[in-house]
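Subject: Structure for you to look at

Hello,

Here is the structure I promised to hand over. Please open it first, then read my notes below.

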Amino acid sequence: MKTVRFNPFYQVHQALRALLYHASITVQHTDFTQTEQVDRTILLMKQLVDFFEAHAHKEDTMVFPLIAQAAPALVADFEAQHVKDHQLGEALESAITQCMTADSVTDKILAGRHLQRTLNAFTAFNLEHMNAEETQVLEVLHREYTDEVLLEKEQEIVAKLTPEEKSFSGYWMLKGLAIHEIVDWYRKIQASAPPFVFDEFMELAERALSDEKLKTLHRSLQFTAA
């Protein structure tokens with residue numbers, strides 16, 4: 001009988017995917033001849049690159065070592081993929097700079113189109129890469145460790161995040177998760193975290209969720225508390 005095992009990649013990968021999708025639409029909708037629109041898009045692109053770089057570093061230093069002995073060839077392959085990902089990130093940063101320095105209307109339009117193509121390549125690679133991690137790497141993690149150990153490792157990683165990193169990743173997790181997943185997540189926080197931490201998460205939900213989803217979350221948490 002199959003069981004649903006704990007997936008330490010799931011929430012953060014849903015956040016990364018949501019950010020990629022949002023970034024793609026944002027770039028498509030940006031008029032690169034309008035400075036205010038470009039500034040907002042460029043900020044988002046920089047945040048995206050930083051988020052992916054930080055995530056890859058955490059996997060390289062805190063996740064892959066868990067299976068280095070059990071699957072050294074697999075780890076080497078995924079570390080090489082992170083090198084490729086870094087190169088794509090550098091290309092994206094170069095495209096960002098091109099958008100920032102373009103002078104003429106024509107150059108601005110062309111820079112915007114180049115940014116979109118570069119982001120497309122970055123997105124396509126990372127979507128496939130995350131899928132592979134959630135199959136190949138996760139299979140080894142499940143073979144070698146219990147869910148309890150994997151949850152402890154996830155908590156260790158989260159504990160090392162800066163407040164800014166926690167806020168940013170939490171926001172995009174809320175954007176990327178289904179409402180029933182958010183309810184389950186927040187019920188666990190409500191049951192185990194200090195009240196001030198729970199309040200911080202509720203403030204994050206108020207920023208990230210639609211009115212409808214926020215009402216559903218409030219109802220679910222009030223029902224739990226009762």
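Phe-32 is buried, because its relative accessible area is 10% and the cut-off for buried is under 20%. Phe-32 sits in the loop between helix 1 and helix 2. Beyond its neighbours within four places in sequence, Phe-32 is in contact with Val-27, Val-38, Thr-41, Cys-99, Lys-108, Gly-112 and Leu-115. Asp-85 is 53 residues away from Phe-32 in sequence, and their C-alpha atoms are 26 Å apart.

Keep in mind that this is a predicted model.

Now the overall picture. The chain has nine helices and zero strands. Read from the N terminus, the order is α-α-α-α-α-α-α-α-α. Along the principal axes, the C-alpha atoms fill a box of roughly 60 × 45 × 30 Å. The chain has 226 residues, and 42% of them count as buried. Take the contacts with a separation of 6 or more: 74% of them join residues 24 or more positions apart.

Next, the nonpolar cores. The largest one holds 48 residues. Which of its members touch the most others? They are Met-45, Leu-48, Leu-115, Leu-174, Tyr-186 and Leu-217. At least two residues of this core come from each of helix 1, helix 2, helix 3 (72–101), helix 4, helix 6, helix 7, helix 8 and helix 9 (211–225). Another core lies apart from it and has 16 residues, including Met-62, Ile-67, Val-75 and Val-137.

Leu-115 deserves a look of its own. Leaving out neighbours within four places in sequence, Leu-115 is in contact with Val-27, Phe-32, Thr-41, Met-45, Leu-92, Ala-95, Ile-96 and Cys-99. Phe-32 also has Val-27, Thr-41 and Cys-99 among its contacts.

Helix 6 spans residues 163–176, which makes 14 residues. From first C-alpha to last, helix 6 reaches 20 Å, close to the 20 Å expected at 1.5 Å a residue. Its buried residues are Ser-169, Gly-170, Tyr-171, Trp-172, Met-173 and Leu-174. What covers them? The cover includes helix 1 (10–29), helix 2 (35–63), helix 7 (179–192) and helix 8 (195–208). Leu-174 is also one of the core residues that touch the most other members.

Then there is His-129, in helix 4 (residues 105–144). Is His-129 buried or exposed? His-129 counts as buried because its relative accessibility is 4%, against a cut-off of under 20%. Apart from neighbours within four places in sequence, its contacts are Glu-59, Phe-78, Gln-81 and His-82.

Last, Leu-214 in helix 9. Leu-214 has 12% relative accessibility, so it counts as buried. Setting aside neighbours within four places in sequence, Leu-214 is in contact with Ala-205, Glu-206 and Leu-209. Phe-52 is 162 residues from Leu-214 along the chain, and 28 Å separates their C-alpha atoms.

Best wishes

Definitions and conventions: Residues are numbered from 1 along each chain as its sequence is written. This is a predicted model: local features need pLDDT of at least 70, side-chain atom pairs count only at pLDDT 80 or more; totals for chains, interfaces and linings use all residues. Side-chain values use heavy atoms; hydrogens and water are left out. Helices (H or I, at least four residues) and strands (E, at least two) are DSSP runs, numbered from the N terminus. Buried means under 20% relative accessible area, exposed over 50%, partly exposed in between (1.4 Å probe, protein chains only). Contact means heavy atoms within 4.5 Å. The expected span of a helix is 1.5 Å times one less than its number of residues. A nonpolar core is a set of buried Ala, Val, Leu, Ile, Met, Phe, Trp, Tyr and Cys residues joined through side-chain atoms within 4.5 Å.
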